[in-house]
Amino acid sequence: MKRKDCFFGLHFDYHANEHTRDIGKQFDASVLEKIIREVKPDFIQCDTKGHPGYSSYRTKVGTPAPYLCNDLLKCWREVTKKYGVLLFSHYSGVWDRLAAREHPDWAAVTENGTATEKISVFGDYAEKLLIPQLKELALEYGMDGVWVDGECWALENDHSEKAAAAWRAYSGKELKDLSEKEKKEYLRFQRERFFAYVKNYIDEVKKAAPEFEITSNWLNTAWAPDNICITDYISGDLSPTNSVDSARFDGRIMQSFGRNWDIMSWGISAPVHYVKSAVQLCQEAAVILSLGGGFQIYNMQSPQKVVMDEWAIPVWAEVAGFCRARQPYCQGARPLPDVGILYSPEAYYDRLTAPFYRDSEYNMELYGILTALCDCGRSVSVIHEQRKDVDFSAYRAIAVSDLTAIGQGTEEKLLDYARKGGNLLLFGVNTAERFGKKLGVAVRRAAGEQPLAVISGEGYATELRDLYAEISGTGLRAVAFMNECIVDGDLKCGNPPPSICITEKKMPAFAVMPYGKGKIGIMPLNAGRAYFDANTFELRRFFKICMHEFEEDALVVCDTPSVDVYAAQKDGKVYLHLINLSGEHRSGRIKTFDTIPPVYEVKVRVQMSGAPKTVTVLPEGCACEYDYRNGALTVCLAKLEIHTVIEIA
């Protein structure tokens, strides 16, 4: 089996350091055999080198952890090989404290000259440690591949001597007193060198071990969104909390590359070690599986024994059973285009002050918009701007989040999509300004350091403390409104909060205009981050009202609250994934839970050119109540526990 064929796996690590005692002393092969027999993973990932930099096996080219009593890695390899389970190495790459300390010339250096515990991609680390160790793992230990941790997300803005020399050779400029434009260019230069660094170590290792499969953690994701194909597969790990929304966002971006991908859920909370229940993990898994990705669970490896939480093996087995029941119609499925949301690497990088940063302004605004559209009961997938093989016309609507930059030709492509009959949704002030001139729409930004407006409609009113603008133009029809506000008191005061005085100045918060055969909706305000941070019912109602304007064109609509709907296709069949979003997964205070209340009377509508032959509830395999009339299929589900799939054939 190759990684592309894997569907479910387990990840264990412990990041050995100089104080980790008695490594491997009490290893019990029967425990690992029990895990394999009961959980039945396609692959396991185990510790070989963590961020501290000490290897947790008897390496000949690196530095073994001081208290290594037994070659633990050899033990894991023997057991997994016996059962035909792939074994991958967890190996920390750019983040290596020991290597940075013992080889200062390998370390990345901050702008003020301070050496970091991260590695510079301009030095000799890869040639002298990383590549030799990966070859050692492949050839001497027979590992099947490596999950290289601490990579793009650990990369420092490097001002080391070797980085400065490389920049000088490239640009003819010194790495000091750079203008803002030159700083952006230097960040781009570092990113290109990072990609070259990853490609180099993969190429060199594969010369010796061609079948050894390698990924750089979080490459081709919201951290590093470039459409480049360097690794054998795409992988990353969700945030330990708010993991369901993280899966909805990060999973869709990974999926947009059209390659083999999987996501790891934390089976524990952080920083305190609380073990997640099967119910909690199944809810996270459901999102990932619905998008066609593979799923893996991370739990703590025991340095002395096998795993820290042997008692939790039945929990992992229950999650594995949940995933396996859905594998036949989830693995390898492709999105059925409905609502697409554009992802622009140009916009992502435009405002960064570090080489990579997942929680950037662009990402977090887009994160909120994507979540809001999903919460409106729409089937949403991400359109990667750099992929030229994506057919915009296949989508019923395309959304664009707040853009300060955009790839060449994309703006024209989006307008052409609307002109020919598509529904184009423009979110954010920067987006409104970018498209405004071509649309004949005047855009006037709100003044002041802290713009503030109140969005209101029937049954709701909510403050927006972010950028907004007043728009006007021929053909604009306002759907929702906002009022300019002034503040009576200190806006930063929390107790009591300041009084907000709503003025009589009323402006469109969302407006629609015809454009060729299609139409364009404009939301001239930045509401995505507010939606992500607060997720209030008022904002949900606002977005729902806006999206209702495009509902007649929708392929799929689910009006039942707390249900995520996603449409996929495989083997000529349509699969409607219904995921229960109830429960406490959005609470930062509650780390683990084992109860998710079911949702009753779920209704979902899908446009179809003809009546279906069969409508089946999966994984149960039973017939489903439905109604077909006027080109629309309405499916009714009496009760939704965590994840149900409606197969339409």
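This note goes through the overall dimensions, the sheets and the helix packing of the structure above.

1. Basis of the model. The model is predicted, with local features requiring pLDDT of at least 70 and side-chain atom pairs counting only at pLDDT 80 or more, whereas totals for chains, interfaces and linings use all residues. Residues are numbered from 1 along each chain as its sequence is written, and side-chain values use heavy atoms, with hydrogens and water left out.

2. Overall dimensions. The chain contains 15 helices and 31 strands, where helices (H or I, at least four residues) and strands (E, at least two) are DSSP runs numbered from the N terminus. A compact globule of 649 residues would have a radius of gyration near 26 Å, and the chain agrees, with 26 Å; the radius is taken over C-alpha atoms, and the globule rule is 2.2 Å times the number of residues to the power 0.38. Along the principal axes, the C-alpha atoms fill a box of roughly 75 × 65 × 50 Å.

3. The six-stranded sheet. An open sheet of 6 strands has the order β11-β24-β25-β31-β27-β28, with antiparallel pairing; two strands pair if DSSP finds at least two bridges between them. The edges are β11 (334-335) and β28 (622-623), each of which has a single partner strand, so one side of each is left without a neighbour in the sheet. Strand β11 is joined to β24 (residues 563-570) by 2 bridges, and P335 has A568 in β24 as its bridge partner.

4. Strands around β30. Strand β30 (residues 632-640) pairs with β26 (residues 599-607) in the antiparallel sense over 8 bridges, with A632 in β30 as the bridge partner of Q607. Strand β29 (residues 625-629) also runs antiparallel to β30, joined to it by 5 bridges, and Y626 has V635 in β30 as its bridge partner. The β29 and β30 strands form a hairpin with 2 residues between them, and N630 in the turn has a positive phi of about 50°.

5. Helix α8 and its surroundings. Helix α8 (residues 278-290) packs on α9 (residues 313-330) at an angle of about 20°, with the axes 9 Å apart; axes are lines fitted to C-alpha atoms, for helices over the stretch in contact, and angles run from 0 to 180 degrees between N-to-C directions. That angle makes α8 roughly parallel to α9, given that angles under 35 degrees count as roughly parallel, over 145 as roughly antiparallel, 65 to 115 as roughly perpendicular and the rest as oblique. The residues in contact (heavy atoms within 4.5 Å) include L281 and L289 in α8 and F322 and R326 in α9. Helix α8 also lies across β24, β25 (573-580) and β31 (643-648), running at about 155° to β25.

6. Helices α7 and α11. Helix α7 (residues 243-255) and helix α11 (residues 361-375) pack at an angle of about 110°, their axes being 10 Å apart, which means that α7 is roughly perpendicular to α11. Among the residues that meet are R248 and F249 in α7 and L366 and Y367 in α11.

7. Helices α12 and α13. The axes of α12 (residues 410-419) and α13 (residues 429-439) come within 12 Å and cross at roughly 60°, which makes α12 oblique to α13. In this contact, E411, E412, L414 and L415 of α12 meet R434, F435, K438 and L439 of α13.
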